[in-house]
Amino acid sequence: MSFRSTWEKAIGKGLRAARQNLIPMLVLEGAMALLVVIYYFWPMGAAVLARYAAWQQAGGVVATAFATGLAGGVISELSLVYFQDEGHWSLHHMKNMGFKFLLFFISGAIVYEFYGWQAVWFGQGTSWTVLAPKVCADQFGYTVVWAVPYMTMATRWQALGYSGKRLWEELDKNFIAERMLPVLVTNWMFWIPGVCLIYSMPLNLQTPLFIFATAIWGILLPAVGRLSEEQAKGMAQKPVMAIPTALGNPVE
């Protein structure tokens, strides 16, 4: 498979995942933009946000990690149960919630430190000389090198029954093409505008806005995995040589 066709498939999966969750994604992006507008144009609203930021900062990295775990693990799983599974709980949902809480708890702790170091490297403010380097470092550095591989391999590891051996056997170029690239494309569609809004806020309000956005990202992530699973099942029904794919149930 050529690089072009691989990239086009990844874009297609990313677009379909985003389309399936378009309304909540747009609502969240709009809510984030509204918070930015409130902070800069409504003094009373800015004071309320500043108080929340002070409370969040008082808890430090642990409070941020815990809040991120709640947003990405608990809230996203609640959304899946009540909007996709009609409120029917199962042990599977409870296990997913616990796993995703831990997954996003670790992510939140890392992001807390990363945002702090970005303020040191690039400074603070809303000028393009500050925003552009932060967005590029975030989306084309941190995301490519750490965030997407971490999320993709962790969710696949869970799908394989927490078997490190089976995961290791699948880590090849097909894993990158079938799993990592679609997640990366979806990530860019959602997080590039998201981090533009996040980095336009003062440092003490960046992690609260990130936590706010993580709730919907926790829903988008398994949506990409479901597309890979559906495609794989479709290929299995055809009497032709199978194309290797990263199979398995994603975190839902």
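**Exercise 1.** Decide whether T143 counts as buried or exposed.

*Solution.* The relative accessibility of T143 is 2%. Buried means under 20% relative accessible area, exposed over 50%, and partly exposed in between (1.4 Å probe, protein chains only). T143 therefore counts as buried.

The model is predicted: local features need pLDDT of at least 70, side-chain atom pairs count only at pLDDT 80 or more, and totals for chains, interfaces and linings use all residues. Residues are numbered from 1 along each chain as its sequence is written, and side-chain values use heavy atoms, with hydrogens and water left out.

**Exercise 2.** State which residues T143 is in contact with, leaving aside neighbours within four places in sequence.

*Solution.* Contact means heavy atoms within 4.5 Å. With those neighbours left aside, T143 is in contact with D138, V148, P149, L184 and N187. As for W188, 45 residues apart from T143 along the chain, the two C-alpha atoms are separated by 9.0 Å.

**Exercise 3.** Classify the packing of α4 and α5 by angle.

*Solution.* Helix α4 (residues 91-122) packs with α5 at an angle of about 160°, the axes being 11 Å apart. Angles under 35 degrees count as roughly parallel, over 145 as roughly antiparallel, 65 to 115 as roughly perpendicular and the rest as oblique. Therefore α4 is roughly antiparallel to α5.

Terms used. Axes fitted to C-alpha atoms, helices over the stretch in contact; angles between N-to-C directions. Helix = DSSP H or I, 4+ residues; strand = E, 2+ residues; numbered from the N terminus.
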